[in-house]
Amino acid sequence: MKSLINSLLKRRNKSDTQATGLSDGIRVYCIGDIHGRLDLLTDVHAKIADHVSAYTGQTYVVYLGDYVDRGPQSKQVVDHLINAPLKDVTYVYLLGNHEQTMLQFMYGSDMGLAHDWFRFGGLATLQSYGVTLKGIPTNKDIDFIRADLNEKCPLSHKQFYQTLVTHFELDGYYFVHAGINPKVKLAQQSIEDLLWIREPFLSSTRQHGKVIVHGHSVSEAPEILANRIGLDTGAYASNILTCAVFQGPDITLL
């Protein structure tokens, strides 16, 4: 794994023609899609706490979204994040497509969207909140499930979900959940693309003015390319939650 990452980093450095890197005195820890894996998240936080202990500059911790669904402890992950386990850092919590869909389920009435959410991981989130489920939900169950989730989801969690941001820019980097439309300027991106896009973003070789750091699309190892850095390594199934460390022109992995 280390040799693969080193070769990717070298390839990126040779081909990079746009402004990248961070200003002096700034360090960013960026964590990929968590998907209900509290065990992996607490391990990553412990590594960050140890790694940052001797650092005196400004520190950001950026989460790329998708805290919920698929893994067994969505509620517990959000509890942990709300409690801000790392001290003296600036937190940035990005909105993922799974949080967007959860919010649409909680405050909407679309039956089709409800079943879509259940199919791509929402049932695990409902169970983590203690929502009563009796087999595979049907249309007649959805209003009850929605009401039960709204009752059992703490106000602090609702506020957390509703204050997630769609993107974060810092020096040479643009952090976002899914990616961008390579044909559209960064300032004009749609929320739909920021949260859901795969192609044509993943295969694009265009320079975007900033390096795009994203999750959403699972890869076996972190993807370190000239124009984008993908950090979703499928934690819920692979047991690998990736955290990248950005400082100056360098990128390392915890």
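Which side chain meets that of Asp79 in a salt bridge? In this predicted model, the partner is Lys75, with a separation of 3.0 Å from N to O. Asp79 itself is partly exposed, its relative accessible area being 27%. Side chains of opposite charge can pair when their charged atoms come close.

A pair within a helix is also found in α5, which covers residues 111-128 and contains Arg119 and Asp116. These residues are 3 positions apart, so that about one helical turn lies between them. Arg119 and Asp116 form a salt bridge in which the closest N and O atoms are 2.6 Å apart.

The next pair to consider is Arg37 and Asp39, which are joined by a salt bridge with 2.8 Å between the closest N and O atoms. Arg37 has a relative accessibility of 11% and therefore counts as buried, since the cut-off for that class is under 20%. Asp39, by contrast, reaches 40% relative accessibility and counts as partly exposed.

The pairs described here are among the 8 salt bridges that the structure holds.

Conventions. Residues numbered from 1 in each chain as written. Predicted model: local features only at pLDDT ≥ 70, side-chain atom pairs only at ≥ 80, totals over all residues. Heavy atoms only, no water. Salt bridge = Lys/Arg side-chain N within 4 Å of Asp/Glu carboxyl O. Buried < 20%, exposed > 50% of the residue type's maximum accessible area, 1.4 Å probe, protein only. Helix = DSSP H or I, 4+ residues; strand = E, 2+ residues; numbered from the N terminus.
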